[in-house]
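Please look over the sequence and the structure before reading on.

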Amino acid sequence: MSDTGRLPENIMHFARVLRAAGLPVGPGRVIVAVRAVEAAGIGSREDLYWTLHAVFVSRRDQRDLYDQAFHIFWRNPRILERAMSMLLPTFGAENEAPPQAREANRRLTDALFPAEQDEIPVQEQEEALLDAAFTFSAQEELKTRDFESMSAAEIDEAKKAIAAMRLPILDVKTRRYKENSRGRRIDMRATIRASLRSGGNIIPLRRRSRVRRHPPLVVLCDISGSMSRYSRMFLHFMHAVTNDRDRVATFVFGTRLTNVTRYLRQKDVDVALNDVSESVHDWSGGTRISESMREFNLNWSRRVLGQGAMVLLITDGLDREGTKNLGFEMERLHKSCRRMLWLNPLLRYEQYEAKAAGARQILPHVDEFRSIHNLESIADLATSLSRDWQRKKEATTTTWGATA
Amino acid sequence: MRDFPTSIDATLTLLGDGNYVADRALATTLFLSLKLGRPLFLEGDAGVGKTEIANVLSQTLGRRLVRLQCYEGLDVASAVYEWNYPAQMIEIRLAEAEGVKDRAKLGSDIFSERFLIKRPLLQALEPDEAGPPVLLIDELDRTDEPFEAYLLELLADFQVTIPEFETIKAAEPPIVIITSNRTREIHDALKRRCHYHWIGYPDAARELSILTLRVPGAGDRLSREIVGFVQSLREQDLFKLPGISETIDWASALVQLDKLALDPQTVNDTLGVLLKYQDDIAKIQGSEAAKLLDQVNAELAAAR
């Protein structure tokens, strides 16, 4: 490997930059990357780009980060001509910000220039511009909700309530089988093996039954102004649900849809909610249910609603915008999932009728309609849901944290 | 049989020989997969030519294609191996009738290769005269996590342990192509062991060369119009954008209808070949289609 000079070393440095920027790049991949570059040869900058791309990128959303990192790290194109024996990236050496840092990812900047953050105000400004381009300033109050403002008593109460709650776990049959002495089907393989034990004289029947498993769960939570009194509580609820079982995807929406699953996977509820509050920019703004549902149907439903998912929709159904497409989007959502539950805080009023245009459009497309307006009702919801499902012989109740 | 390509350019040529027009990114990833013996993990929307790569590889390299179509609940019995129980039962009865008393011998008789039904994953490990086969694991996202975990074990060592029989190990690992439509995320542990590539929609130039190769019957003008129209459709706000396979289907359909150029009526009548959702069709049909067609024709006229 002597003829490759400092190449492996630089690939290692590049990998470290990627790792610091958040790509899951381990030493194993670095070794593969070095071997890949040796195998592919460095014909052109493009080849090196795609060679390393093949090794380091394993998700579509990593491509942008990789792209930026690559162009910043392997900046000097002439490097590649000198490459074979010596590859010296000029990373971090120049005192100015990278020229093509147009929209360089913040994480990447941190990873590349850990100590130089303060020296690149230009980029921050651009980032702010970029943000502004995405917003609907008229309807959306761009503020980051501070969870610190939650009183200690409130937190305690919420935690206690959630800890005491039981989550109904709906089990559905899968097509997989496991050994079960009271199962309905004969397990031929185990039967033959058992019969050989007696020399084939007796054939003791072994049985098997279907494996039951809970379906994926998707939570869509409204965090708009009209829901602001509840959203904090619901986030605790969602955090508890996300950590209680696998295959949970959580989204919040106000004027736009945000996938917060990754943040809520944090075991620590404070860290999780803090991350959520940083990532979501439309707290207590307007509602665009129809638009959010459309976005979900278009970009996410096909990725998270596979395998018969259940949907929990938490909203009051008050849409600030016109609701002309809401019925259509709800129908599509309803048709793509196994079961849809609408949890509505307004339902606590006994005389509640779905009068709002939005609510009227949602109602025909839900399987269940329940109240959710305080901690108690969340707890009630759990028990009542499990009761319902037990009646339908579809579910069992499991205590929180009892499942893996 | 043909040897593995020795460079990225050779890989491009190889795919080209199989009538597959790939971009350089895909060729690089494929070349590395072949060279380093790692599985190739292809993700992308339906109809962009993921499965086709396996077909083309098996064809051009002269290897056998072993295909495993994934579905929910796919288990070892239908993916790897299964014992032929009825035959085993008869064998036990025969042994009984003949008065065989040796249990160990009976056991080894019953669990021998004679009674083993080989499913795709096991077939892929078998030696082949033409060299190790191409193993296509299609639409992995349709199956569940337990199967993915099993696959992890298989892809690590290319060996299968059958408890009653023996461990079967591939002398040479097969060429593995895994595809996913992304109806759920595949676990990172599996992706880590593969070279990943996202296949997107092709640009106009590449789509045109694909069309010329795949539907030679379509004239130059028709092909250009089709590509222009499909490309502009992909800029529309649709639930499901047409993939390359839809483009090819559409072109074949138009050739069957003896069309030499697109006109609004034909587009409306055959839109179901391109778009597969009623509301997408409703959105495009009629004036929108005519508008797009006018744009395409104007652009083509300008380019000429």
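At what angle do helix α1 (residues 7-20) of chain A and helix α4 (residues 63-73) of chain A pack, and how far apart are their axes? The angle is about 140 degrees, and the axes lie 11 Å apart. This is a predicted model, in which local features need pLDDT of at least 70 and side-chain atom pairs count only at pLDDT 80 or more, while totals for chains, interfaces and linings use all residues. Residues are numbered from 1 along each chain as its sequence is written, and chains are lettered from A and ligands numbered from 1 in the order in which they are written.

**Chain A as a whole**

- Chain A contains 16 helices and eleven strands; helices (H or I, at least four residues) and strands (E, at least two) are DSSP runs, numbered from the N terminus.
- Of the 404 residues in chain A, 38% are buried. A residue is buried if 20 or more other C-beta atoms lie within 10 Å of its own, exposed if 12 or fewer, and partly exposed in between, with C-beta atoms placed from the backbone.
- Among contacts in chain A between residues at least 6 apart in sequence, 73% join residues at least 24 apart. Two residues are in contact if their C-beta atoms, placed from the backbone, lie within 7 Å.

**The helix pair α1(A) and α4(A)**

- Two packed helices are described by the angle between their axes and the distance between the axes. Axes are lines fitted to C-alpha atoms, for helices over the stretch in contact, and angles run from 0 to 180 degrees between N-to-C directions.
- α1(A) and α4(A) are therefore oblique to each other; angles under 35 degrees count as roughly parallel, over 145 as roughly antiparallel, 65 to 115 as roughly perpendicular and the rest as oblique.
- From α1(A), the residues A:F14, A:V17 and A:L18 meet A:Y66, A:A69 and A:F73 of α4(A).
- By class, this contact of α1(A) with α4(A) has six nonpolar, no polar and no charged residues. Ala, Val, Leu, Ile, Met, Phe, Trp, Tyr, Cys and Pro count as nonpolar, Asp, Glu, Lys and Arg as charged, and the others, Gly among them, as polar.

**A sheet in chain A**

- Three strands of chain A form an open antiparallel sheet in the order β2-β4-β3; two strands pair if DSSP finds at least two bridges between them.
- β2 (172-179) and β3 (185-186) of chain A are at the edges with a single partner strand each, so one side of each is left without a neighbour in the sheet.
- Five bridges link β2(A) to β4 (residues 207-213) of chain A, and A:Y177 has A:R210 as its bridge partner in β4(A).

**The interface between the chains**

- In chain A, 30 residues are in contact with 36 residues of chain B.
- α9(A) gives the largest share of the side of chain A that touches chain B, with six residues.
- The residues on that side of chain A comprise eleven nonpolar, nine polar and ten charged.

**Features of chain B**

- Strand β5 (residues 134-138) of chain B is mostly covered, with four of its five residues buried.
- β5(B) runs parallel to strand β2 (residues 65-69) of chain B, joined by five bridges, and B:L65 stands opposite B:V134.
- β5(B) also pairs in the parallel sense with strand β8 (residues 175-180) of chain B over four bridges; there B:L136 stands opposite B:I177.
- B:D3 lies in the segment before α1 (8-17) of chain B, and B:D3 counts as exposed because it has 10 C-beta neighbours inside 10 Å.
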